[in-house]
Amino acid sequence: MSRPETDDPGQRPVRVFVVDDHTVVRRGLHAYLEMVDDMEVIGEAAEGREALEGIAALVAAGRPPDVVLMDLLMPGMDGVTATAAITQRYSEVEVVAMTSFAEADKVQGALQAGAAGYLLKDAEADEVAAAIRAACRGEVHLDPAIAKQLTRSLVAPKPQTVNALTDREREILVLLARGLSNQQIADALVISERTARTHVSNILSKLGVASRTQAALLAIREGIAPTPSA
């Protein structure tokens, strides 16, 4: 299938980089994603350091991935360390963590490292595609199966953190927890995208969290937003 040459993410397939130490998993994800019309696998790696080298080469060639599917438990450089390096070096690249339910505790580290969302390895194929699209749009993807477990593991915020939010910020936090992007929040509240982005930044700062996904999880735990349904 021919791919458009444009670098506009809205006019070309989503570029995906797959990282997993199991060859069968990588090949399976690669084969599935290549059948999805709006996605293109542009690289893969078996561990974190190899992923960083591959992504650096793609960035140098002017074809950075939009989303990295990152296994968290790997030999060599693990997924949490690799996620932190990717998000620090390449602000335009989103990372979606992949883990088993038994390793759900590692997701918290990935979120703190800047991951945009997470998936269980036994997720349905269409959910994998949905999580990739959500990350590419700047939305939050929370797997319902481990969202509740993660909200319990969050460090309790200082009493004034949630209370420090304005009514508008709490309203935006609810929309953020529902997975809406800045543009979708702006459309829902009839404000500019820039204003929505500023509000989101202020919310992250007041809550003391590093990402939209962490803010969404905190909102769920504090009862501001409902747990996502399966």
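**Figure 1. Leu33, a residue of helix H1.** Leu33 sits in helix H1, which covers residues 23-34. Everything shown here comes from a predicted model. Is Leu33 buried or exposed? Its relative accessibility is 0%, so Leu33 counts as buried, since the word buried is used for values under 20%. Which residues does Leu33 touch, leaving out those up to four places away in sequence? They are Val16, Val18, Met39, Val41, Leu69 and Ile132.

**Figure 2. The whole protein, as a setting for the close-ups.** Take a moment here to get your bearings. The protein has eleven helices and five strands. Of its 230 residues, 50% are buried. How do contacts link up the chain? Among contacts between residues at least 6 apart in sequence, 69% join residues at least 24 apart. The protein exposes about 10,800 Å², and carbon and sulfur atoms supply 51% of that area.

**Figure 3. Helix H8 meets helix H10.** Two packed helices are described by the angle between their axes and the distance between the axes. Start with H8 (residues 167-177) and H10: their axes come within 10 Å and cross at roughly 95°. That angle makes H8 roughly perpendicular to H10, because angles of 65 to 115 degrees are given that name. From H8, the contact uses Arg168, Glu169, Ile172, Leu173 and Leu176, while H10 brings His199, Val200, Asn202, Ile203, Lys206 and Leu207. Sorted by class, the residues where H8 meets H10 are six nonpolar, two polar and three charged.

**Figure 4. Helix H8 meets helix H9.** Here is H8 again, now with H9 (residues 182-189): the two axes come within 10 Å and cross at roughly 125°. This makes H8 oblique to H9. The crossing of H8 and H9 is right-handed. Which residues make the contact? On the H8 side they are Arg168, Glu171, Ile172, Leu175 and Leu176, and on the H9 side Ile185, Ala188 and Leu189. The contact of H8 with H9 has six nonpolar residues, two charged ones and no polar ones.

**Figure 5. Helix H10 meets helix H11.** H10 spans residues 193-207 and H11 spans residues 212-221. Their axes come within 10 Å, with a crossing angle of roughly 65°. Is the crossing of H10 and H11 left-handed or right-handed? The crossing is left-handed. To find the contact, look for Val200, Leu204 and Leu207 in H10, which meet Arg212, Ala215 and Leu218 in H11. By class, the contact of H10 with H11 holds five nonpolar residues and one charged residue, with no polar ones.

Figure 6. Ala216 counts as buried because its relative accessibility is 0%. Leaving out residues up to four places away in sequence, Ala216 touches Val140, Leu142, Leu176 and Ala177. One of these, Leu176, also takes part in the contact of H8 with H9. How many residues along the chain separate Ala216 and His141? They are 75 residues apart, with 9.5 Å between their C-alpha atoms.

Terms used. Residues are numbered from 1 along each chain as its sequence is written. This is a predicted model: local features need pLDDT of at least 70, side-chain atom pairs count only at pLDDT 80 or more; totals for chains, interfaces and linings use all residues. Side-chain values use heavy atoms; hydrogens and water are left out. Helices (H or I, at least four residues) and strands (E, at least two) are DSSP runs, numbered from the N terminus. Buried means under 20% relative accessible area, exposed over 50%, partly exposed in between (1.4 Å probe, protein chains only). Contact means heavy atoms within 4.5 Å. Axes are lines fitted to C-alpha atoms, for helices over the stretch in contact, and angles run from 0 to 180 degrees between N-to-C directions. A crossing is left-handed if the near helix is turned anticlockwise from the far one by less than a right angle, and right-handed if clockwise. Ala, Val, Leu, Ile, Met, Phe, Trp, Tyr, Cys and Pro count as nonpolar, Asp, Glu, Lys and Arg as charged, and the others, Gly among them, as polar. Angles under 35 degrees count as roughly parallel, over 145 as roughly antiparallel, 65 to 115 as roughly perpendicular and the rest as oblique. Accessible areas come from the Shrake-Rupley method with a 1.4 Å probe; for residues, only the protein chains shown count as cover.
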